[in-house]
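Me: I would like to go through this structure by questions and answers. Please keep each reply brisk, and end it on what I asked for.

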Amino acid sequence: MARGNKTGEPVDWVTRAADDAIRHARENGGEDRIITCASGASPSGPIHLGNLREFLTTHFVTEEIRRRGIEVRHLHSWDDFDRFRKVPAGVPASWAEHIGRPLSAVPDPWECHESWAEHFKAPLREALAELGVEMVEVDQTEQYRAGAYTEQVLHALRHRDTIEEVLAKHRTKKAEPVAESDQESEALADSVADDADEETGAAGSLARFPYKPFCRECGRDTVEVTSYDDDTTDLGYTCSSCGFTGVTNVATQHEGKLVWKVDWPMRWAFEGVDFEPGGLDHSTPGSSYTVGKELVKRIFAHRAPSYAAYAFVGFAGLQKMSSSKGGVPTASDALRILEAPILRWLYVRRQPKQAFNVDFGAEVVRLYDEWDALARKAADPERRDAQTLAYSRAVATTTAGTLPAPATPVSFRLLSSVADVTAGSAEQISRIIEEVGHPHASVADLEPRLSKAMTWTAEFVPAEDRTTVRTAPDTARLAALAPEEQRWIDVLLERLPDSPESDELTALIYGVPKLARGLGLDDAPTDEVKADQKAFFRLLYHLLVDADRGPRLPTLFQALGSERVRTLLTPA
């Protein structure tokens, strides 16, 4: 929970992480250098909502530092020099030929990008742009191939005995793996390379050599290091896939990379990283961060960055999500139904170590209601607290400004209900929204929320929960109304305004049974009235949508409009 600082302003996890990053930078380079907040991801598959936490955690910390007037950069590393590990479902089995090659060297089976890596980078870049996330991107393939890390690689190889000493010590400290949902463990994308990179397949002193070349003949990393000369930097190897035996010169040929647990701390030192988050699975004893923290100090004479471990992000309500079949939802999937500030808010309002779910089902409606209530609260400058601080971080950035929001605010609940009963006609929805008291110049004034409500209704609401409005009155049922039922309908139609507000409708619909029993609208309901309300609601659903339940009745009334409600409740 956020607390106030000495100025009375609320403080949250972002504030504290930014404080730590600034302190790290000042203690490791002085006042003038640019602060570096880093993130990293391996584009081995769809970069899902769990991976998105890597990007947004760094983004929010970067934003807070920049807001204070301090020069800072969000540096993102694409780990596209990682090996292709397995052929996922839906990809031709022939792609097994590429296992062991860099992700940047694996062709795109969908033939729309230049490589496997680029195929999965592209949609995330688009989503991040919509989310207002700006970052400096570094491709590890380019860095290694260009020899950017050659000095650091050779330094690591000269100190490989010390590296092995550290790695050996931490191998005895393996912790239980952090539990994941079955769906997330099936995800194609990893936030970073896994720890299996450590093995080289060699024997003796070369068994855990900290550098692994890709075979010059077949391009795979299925090699056994057979020799290394510190003076010449010649590295001999044999490839188990194609049988090639050769020598690469580490100083001049740039045909491989450091193993992950050495590569990560090397980059901390090379880039001068002051803050970087990581999944909980990289924060346990013997895992990447704990090993890297010691290696970066002992090998690269640098201090490990300040660090935030983050928990997994789950999901629900995906029964109809064909785009993520066999995998997990991505930021692009979420942005089809959530406004960008709302998706940002889900990540910033919680401590990184708090797990949460992104629900694509009925919870979406309640989420939008909660967001709209928070927006009203945030509009009052006297109500500054942890919640409004999270809101302010979600709605705008220091570089992009305020993110898109509807010019005419209309509740998602109303928009989705109108979309439901109108079968998703934007112009018809716009007309009804106008009629129920939300004047606007054009459909564009309802965007981006309108399109997201239409998408959610069409693709995420189960068929059995969709609403089918009657095309004509149920004359047989209207003719058979019991006296008390007729009285309810008469009272409702007598008092139904032409353009009612939601609160006015709620009071009327709940109040009709009270009025029929001689009570006032504001009177507390008796047990008899409560029973009458249930029966009245069932009657209205039957007469309007031929069902026992449906959208909230005030919302349904607004979606239909008073004229159509009168038509369906009056015998022809």
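Me: How many bridges pair β8 with β9?
Reply: Strands here are DSSP runs of E with at least two residues, helices are runs of H or I with at least four, and both are numbered from the N terminus. Two strands pair if DSSP finds at least two bridges between them. β8 and β9 pair in the antiparallel sense, and their bridges number five.

Me: Which residue in the turn of the β8-β9 hairpin has a positive phi?
Reply: This is a predicted model, where local features need pLDDT of at least 70, side-chain atom pairs need 80 or more, and totals for chains, interfaces and linings use all residues. Residues are numbered from 1 along each chain as its sequence is written, and side-chain values use heavy atoms, without hydrogens or water. Five residues lie between β8 and β9. The one with a phi of about 85° is Gly-243.

Me: Which residue of β9 stands opposite Gly-236?
Reply: β8 (residues 234-239) is also joined to β7 by five antiparallel bridges. On that side, Gly-236 stands opposite Ser-227. In β9, Gly-236 has as its opposite residue Val-247.

Me: Is Ala-251 buried, partly exposed or exposed?
Reply: Ala-251 lies in the loop between β9 and β10 (256-258). Buried means under 20% relative accessible area and exposed over 50%, with partly exposed in between (1.4 Å probe, protein chains only). At 27%, Ala-251 is therefore partly exposed.

Me: What distance separates the C-alpha atoms of Ala-251 and Tyr-149?
Reply: Ala-251 touches Thr-150, Leu-154 and Thr-233 (heavy atoms within 4.5 Å), leaving aside residues up to four places away in sequence. Tyr-149 is 102 residues from Ala-251 along the chain. Their C-alpha separation is 9.9 Å.

Me: Which side chain makes a polar contact of 2.4 Å with Asp-263?
Reply: Asp-263 is found in helix α8 (residues 260-271) and is buried, at 1% relative accessible area. A polar contact is a pair of N or O atoms within 3.5 Å; within protein, one must be able to donate a hydrogen and the other to accept it, and sequence-adjacent residues count only if both atoms are side-chain atoms. Asp-263 also touches Tyr-144 and Leu-258, not counting residues up to four places away. Its partner at 2.4 Å is Arg-267.

Me: At what angle do the axes of α2 and α11 cross?
Reply: Axes are lines fitted to C-alpha atoms, for helices over the stretch in contact, with angles from 0 to 180 degrees between N-to-C directions. Under 35 degrees counts as roughly parallel, over 145 as roughly antiparallel, 65 to 115 as roughly perpendicular, and the rest as oblique. α2 and α11 are therefore roughly perpendicular. Their axes come within 10 Å and cross at roughly 85°.

Me: How many residues of the contact of α2 with α11 are nonpolar?
Reply: α2 (residues 49-67) and α11 (residues 340-348) meet through residues including Leu-52, Phe-60, Leu-343 and Tyr-347. Ala, Val, Leu, Ile, Met, Phe, Trp, Tyr, Cys and Pro count as nonpolar, Asp, Glu, Lys and Arg as charged, and the others, Gly among them, as polar. One contact residue is polar and two are charged, while the nonpolar ones number seven.

Me: How many of the five residues of β12 are buried?
Reply: β12 (residues 306-310) is mostly covered. Five parallel bridges join it to β11 (residues 275-279), and Tyr-307 stands opposite Glu-276. β12 is also among the elements that cover the buried residues of α9. Its buried residues number four.

Me: Which helices do the buried residues of α14 pack against?
Reply: α14 (residues 412-421) has nine of its 10 residues buried. Among them are Phe-412, Leu-415 and Val-421. They pack against α12, α15, α16 and α21.
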